[in-house]
Amino acid sequence: MGKHTKEQLDNMSDEELFKLLDERSNELNECSRPLGRYHAKLYTATSDFICSNGFDRDRIDKASEIGSENDKMVNDKIIDTMFENDLKEPNLNVKNIKTHRSQWFD
């Protein structure tokens, strides 16, 4: 899908335009990630502050729940991808990370 000029978009019928928008939306959904708990709460609180709605604890709690569900969904997707690619969960007790400059060129 390439870029379209203003004239091309103006000459499209409504059905063609909506089809184009649906395709673009599907492309963006493949590359996007749902908001996690921290960012959902942050954006909700910021939105309330900007709109002068005051601090609504119920909205923040609801955003936190939604963000927690999104975090779980992302973690499940990561685990599924690891299993699909026959990757094992990393052992956190193994220290094979080179942390000193003298170890870089071993």
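Which residues line the largest pocket?

## The largest pocket

The lining of the largest pocket consists of Asn 29, Glu 30, Ser 32, Arg 33, Pro 34, Met 73, Val 74, Lys 77 and Ile 78. Two elements, helix 2 (14–31) and helix 4 (57–84), each give two or more residues to this lining. Helix 4 makes the largest contribution, with four residues. By residue class, the lining divides into four nonpolar, two polar and three charged residues. Here Ala, Val, Leu, Ile, Met, Phe, Trp, Tyr, Cys and Pro count as nonpolar, Asp, Glu, Lys and Arg as charged, and the others, Gly among them, as polar.

The space in this pocket amounts to about 170 Å³. A pocket is an open set of points on a 1 Å grid over the protein atoms alone, where a 1.4 Å probe fits and protein lies on both sides within 12 Å along at least five of seven lines; lining residues have an atom within 4 Å of a point. The volume is the space filled by probe spheres set on the points, which are joined across faces, edges and corners.

## Basis of the model and overall fold

The model is predicted: local features need pLDDT of at least 70 and side-chain atom pairs count only at pLDDT 80 or more, whereas totals for chains, interfaces and linings use all residues. Residues are numbered from 1 along each chain as its sequence is written, and side-chain values use heavy atoms, with hydrogens and water left out.

The protein has four helices and zero strands, in the order α-α-α-α along the sequence. Helices (H or I, at least four residues) and strands (E, at least two) are DSSP runs, numbered from the N terminus. Of the 106 residues in the protein, 11% are buried; buried means under 20% relative accessible area, exposed over 50%, and partly exposed in between (1.4 Å probe, protein chains only). The accessible surface comes to about 9900 Å², and carbon and sulfur atoms account for 53% of this area. Accessible areas come from the Shrake-Rupley method with a 1.4 Å probe; for residues, only the protein chains shown count as cover.

Among contacts (heavy atoms within 4.5 Å) between residues at least 6 apart in sequence, 35% join residues at least 24 apart.

Val 74 belongs to helix 4 and counts as buried because its relative accessibility is 13%. Beyond its neighbours within four places in sequence, Val 74 is in contact with Arg 33 and Pro 34. Val 74 and Gly 36 are separated by 38 residues in sequence, with a C-alpha to C-alpha distance of 8.7 Å.

Ser 64 also lies in helix 4, and its relative accessible area of 11% makes it buried. When neighbours within four places in sequence are left aside, Ser 64 is in contact with Arg 37 and Lys 41.

Thr 44 is part of helix 3 (residues 37–50) and is buried, at 14% relative accessibility. The side chain of Thr 44 reaches the backbone oxygen of Ala 40 at 2.7 Å. Apart from neighbours within four places in sequence, Thr 44 is in contact with Arg 59, Ile 60 and Ala 63.

Glu 16 is found in helix 2 and is partly exposed, with a relative accessible area of 46%. The side chain of Glu 16 reaches the backbone nitrogen of Ser 13 at 3.1 Å.

Notes: Polar contact = N/O pair within 3.5 Å; in protein donor to acceptor, adjacent residues only side chain to side chain.
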